[in-house]
Amino acid sequence: MGLNETIFERAQKTIPGGVNSPVRAFRQVGGAPRFIKKALGPHFWDIEDKRYVDLIMSWGPMIAGHANPEVVEAVQRAATLSFSYGAPTVGEIELAERICAIMPSVEQIRMVSSGTEATMSALRLARGYTGRDLIIKFEGCYHGHADSLLVKAGSGLLTFADSTQNAPSSGGVPQDLVKHTLVLPYNDTAAIEETFQLHGDQIAAVIIEPIAGNMNLIKAKPEFLAAIRKLTQHHGSVLIYDEVMTGFRVALGGAQSLQGITPDLTCLGKVMGGGMPMAAFGGKKEIMQKLAPIGNVYQAGTLSGNPVAVAAGMKTLEIISRDGFFDCLGGQTSKLMAGLQQAAKEAGIPFSTDSVGGMFGFYFTDQVPTSFDAVTKSNIDVFKVFFHAMLDEGVYLAPSAYEAGFTSIAHDNAVLDEIITASKKAFVRLK
């Protein structure tokens with residue numbers, strides 16, 4: 001038994017399942033998770049001192065690479081002045097101004113500490129603003145673990161829940177609460193049109209991952225997004241873009257800047273904290289003015305906008321705003337996907353890939369899926385073998401076929417070659 005296995009047994013005695021977030025477990029792929037002790041650039045090392053090329057990058061935040069010297073310096077400087085005040089700071093204003101400048105749809109913003117807080121608060125705000133109860137989400141999209149959103153959800157829930165039932169994906173979520181959530185197929189324009197025809201005057205909000213990353217990577221079709229924007233405007237519903245994953249990751253201005261859509265509210269997280277617990281929601285001033293202390297929609301958080309996280313976020317946003325950053329990041333990610341595709345072709349393995357900015361997906365299917373249903377029909381057994389083969393070769397992929405992958409600016413050509421070489425060995429093991 002290796003050290004990771006020994007530590008995993010120890011962890012399970014005091015931590016449910018041995019992990020503090022289900023997605024870290026190796027339940028879908030089998031085996032013991034790797035316990036990480038340090039990371040630098042595009043790599044991390046486990047407690048057995050094995051080095052891995054990291055292709056999850058803390059599930060997105062580490063876009064500038066692990067332990068980026070500039071970010072570390074900013075955090076260290078902030079930490080010397082205390083970790084938290086419970087009072088406002090100028091840094092919060094500067095970060096808010098930076099985000100509002102990068103994303104024109106965000107006129108005002110409220111900072112929180114997690115993506116779940118951001119989406120939960122945005123939905124409460126949308127309901128308070130419209131005076132309506134119904135919300136629409138889409139199959140396979142994960143918007144955090146707030147009760148009303150845990151129905152046909154993506155991310156870890158695709159691994160653990162029965163996704164065939166239109167019922168809560170988690171225990172402890174009342175059916176009575178979920179009745180206010182309508183779940184529609186992703187990329188199905190007819191379904192959203194029909195739903196608004198039936199319930200338009202009762203729908204408070206539509207929440208969507210504009211590029212889904214929690215059922216692997218799935219891009220929304222332009223006509224689908226256009227229909228949602230038109231319908232929500234016509235019926236007075238709030239369009240919420242969940243860009244916790246895609247914000248500052250697929251492009252500087254997020255998915256909305258690539259798609260030409262102006263949402264009413266946007267949820268942000270991950271990259272905006274540079275690896276520290278940090279998230280936010282923001283949008284139209286008219287809607288945001290409904291928040292306490294000036295409105296009647298309550299939201300609060302002791303550590304919201306804490307100075308250390310703000311410092312990490314500000315420096316990370318500065319780095320990614322530099323000329324050529326996203327051209328380089330997107331180019332490297334595309335190059336990686338092309339290399340994997342070619343390696344699979346040479347091995348005769350059905351395989352397809354997709355990417356945008358520093359986010360990617362690969363699928364053991366002949367075509368890139370466009371829906372939740374298509375993703376759930378991919379070959380999970382082959383993925384499990386591939387995952388462990390890549391792990392043996394020193395490449396750490398998401399331990400689930402239902403998660404997108406992430407690169408960083410530190411993934412240079414030498415690192416890409418390392419990954420592609422590993423994949424050639426791994427694909428051979430699939431024959």
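**Reading a helix and its surroundings**

Mentor: Let us start with packing: the buried residues of helix 3 lie against strand 4 (108-112), strand 11 (265-268) and helix 11 (307-320). Keep in mind throughout that this is a predicted model.

Trainee: Which residues of helix 3 are buried, and why do they line one face of the helix?

Mentor: The general idea is that an α-helix has 3.6 residues a turn, so residues three or four places apart point the same way. In this structure the buried residues of helix 3 are Glu92, Leu95, Ala96, Ile99 and Ile102. Because these buried residues fall within an arc of 130 degrees when the helix is seen down its axis, they line one face of it. The face turned away from that buried side carries Val90, Glu97 and Ala101, which are exposed.

Trainee: How far apart are the end C-alpha atoms of helix 3, and what span should its residues give?

Mentor: Helix 3 covers residues 90-102, and at 1.5 Å a residue its 13 residues should span 18 Å; the end C-alpha atoms are 19 Å apart, which agrees.

Trainee: Which residues of helix 2 are buried, and what caps its N-terminal end?

Mentor: In helix 2, which runs over residues 69-79, the buried residues are Val71, Ala74, Val75 and Ala78. They fall within an arc of 95 degrees seen down the axis of helix 2, so they too line one face of the helix. Helix 11 is included in what covers the buried residues of helix 2. The cap at the N-terminal end is asparagine 68, with a side-chain oxygen 3.0 Å from the backbone nitrogen of glutamate 70.

Trainee: Where does serine 105 lie, and is serine 105 buried or exposed?

Mentor: Serine 105 is in the loop between helix 3 and strand 4, and it counts as buried because its relative accessibility is 9%, the cut-off being under 20%. The side chain of serine 105 makes a polar contact of 2.6 Å with the side chain of glutamine 256. Apart from neighbours within four places in sequence, serine 105 is in contact with Gln256, Thr262, Pro263, Thr266, Gly283 and Lys284. For proline 263, the separation from serine 105 is 158 residues in sequence but 6.6 Å in space, C-alpha to C-alpha.

Trainee: Which residues touch the most other members of the largest nonpolar core?

Mentor: They are Phe138, Tyr186 and Phe427, in a core of 78 residues. Leaving out neighbours within four places in sequence, phenylalanine 427 has contacts that include Leu340, Ala343, Phe351, Phe364 and Phe386. Another core, of 29 residues, lies apart from the largest one, and among its members are Leu268, Ala280, Ile320 and Phe325.

Trainee: How many helices and strands does the protein chain have, and why is it described as compact?

Mentor: The protein chain has 15 helices and 16 strands. Its radius of gyration is 21 Å, close to the 22 Å that the globule rule gives for 431 residues, so the chain is as compact as a globular protein of that length. Buried residues make up 58% of the 431 residues, and among contacts between residues at least 6 apart in sequence, 72% join residues at least 24 apart.

Technical notes: Residues are numbered from 1 along each chain as its sequence is written. This is a predicted model: local features need pLDDT of at least 70, side-chain atom pairs count only at pLDDT 80 or more; totals for chains, interfaces and linings use all residues. Side-chain values use heavy atoms; hydrogens and water are left out. Helices (H or I, at least four residues) and strands (E, at least two) are DSSP runs, numbered from the N terminus. The expected span of a helix is 1.5 Å times one less than its number of residues. Buried means under 20% relative accessible area, exposed over 50%, partly exposed in between (1.4 Å probe, protein chains only). The arc is that of the directions from the helix axis to the C-beta atoms. Contact means heavy atoms within 4.5 Å. A polar contact is a pair of N or O atoms within 3.5 Å; within protein, one must be able to donate a hydrogen and the other to accept it, and residues adjacent in sequence count only if both atoms are side-chain atoms. A nonpolar core is a set of buried Ala, Val, Leu, Ile, Met, Phe, Trp, Tyr and Cys residues joined through side-chain atoms within 4.5 Å. The radius of gyration is taken over C-alpha atoms; the globule rule is 2.2 Å times the number of residues to the power 0.38.
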